[in-house]
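This report describes a single protein chain.

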Amino acid sequence: MTEVDVRDLCFDAILVRVTGENYNPMSIAAFVALHVDERISLIMQRRLRFFAGEREVPIYEAVKSLSDARR
């Protein structure tokens with residue numbers, strides 16, 4: 001995936017569930033660097049949460065924002 005300007009995204013933080021209910025932060029750069037199959041897998045398994053400040057952003061909205069930022 002190409003570089004993404006994080007200012008164009010509707011989220012500024014990502015949490016990924018590693019085990020059980022425990023979530024760890026993941027940088028946007030690390031998420032973008034994942035192979036597309038890995039990103040899709042995390043999304044389909046509902047292991048990601050996206051946030052804009054304290055507000056949780058719906059996954060669809062976050063993924064659309066990421067896609068739009070690449071254009």
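## Serine 65 and cysteine 10

A polar atom of the serine 65 side chain lies 2.8 Å from the backbone nitrogen of cysteine 10. A polar contact here is a pair of N or O atoms within 3.5 Å; within protein, one must be able to donate a hydrogen and the other to accept it, and residues adjacent in sequence count only if both atoms are side-chain atoms. Serine 65 belongs to helix H3, residues 59-69. Helices (H or I, at least four residues) and strands (E, at least two) are DSSP runs, numbered from the N terminus.

Serine 65 is buried, with a relative accessible area of 9%. Buried means under 20% relative accessible area, exposed means over 50%, and partly exposed lies in between (1.4 Å probe, protein chains only). Leaving out residues up to four places away in sequence, serine 65 touches Asp8, Leu9 and Cys10, where contact means heavy atoms within 4.5 Å.

## Basis of the model

The model is predicted: local features need pLDDT of at least 70, side-chain atom pairs count only at pLDDT 80 or more, and totals for chains, interfaces and linings use all residues. Residues are numbered from 1 along each chain as its sequence is written, and side-chain values use heavy atoms, with hydrogens and water left out.

## Overall fold

The protein chain contains 3 helices and 4 strands. Their order along the sequence is β-β-α-α-β-β-α. The radius of gyration of the protein chain is 11 Å, close to the 11 Å that the globule rule gives for 71 residues, so the chain is as compact as a globular protein of that length. That radius is taken over C-alpha atoms, and the rule is 2.2 Å times the number of residues to the power 0.38. Along its principal axes, the C-alpha trace spans about 35 × 30 × 20 Å.

Of the contacts in the protein chain with a separation of 6 or more, 57% are between residues 24 or more positions apart. Buried residues make up 28% of the 71 residues.

## Surface and charge

The protein chain exposes about 4900 Å², and carbon and sulfur atoms supply 53% of this area. Accessible areas come from the Shrake-Rupley method with a 1.4 Å probe; for residues, only the protein chains shown count as cover.

There are 10 positive and 11 negative side chains, and the centres of the two sets lie 4 Å apart. Lys and Arg count as positive and Asp and Glu as negative, while His and the chain ends are not counted. The place of a charge is taken as NZ of Lys, CZ of Arg, CG of Asp or CD of Glu.

Leucine 48 is in strand S3, residues 48-52, and is buried at a relative accessible area of 3%. Not counting residues up to four places away in sequence, leucine 48 touches Ile14, Leu15, Val16, Phe31, Leu42, Ile43 and Ile59. Leucine 48 and arginine 7 are 41 residues apart in sequence, and their C-alpha atoms are 20 Å apart in space.

Valine 4 is in the segment before strand S1 (13-19). Valine 4 is also buried, with a relative accessible area of 14%. Its contacts, leaving aside neighbours within four places in sequence, are Leu9, Val32, Leu66, Ala69 and Arg70.

## Loop residues on either side of S3

Arginine 46 is in the loop between helix H2 (36-44) and S3. Its phi is near 55°, a positive value in a residue other than glycine. At 61% relative accessibility, arginine 46 counts as exposed.

Glycine 53 is in the loop between S3 and strand S4 (55-57). With 45% relative accessibility, glycine 53 is partly exposed. The C-alpha atoms of glycine 53 and serine 41 are 25 Å apart, and the two residues are 12 residues apart along the chain.
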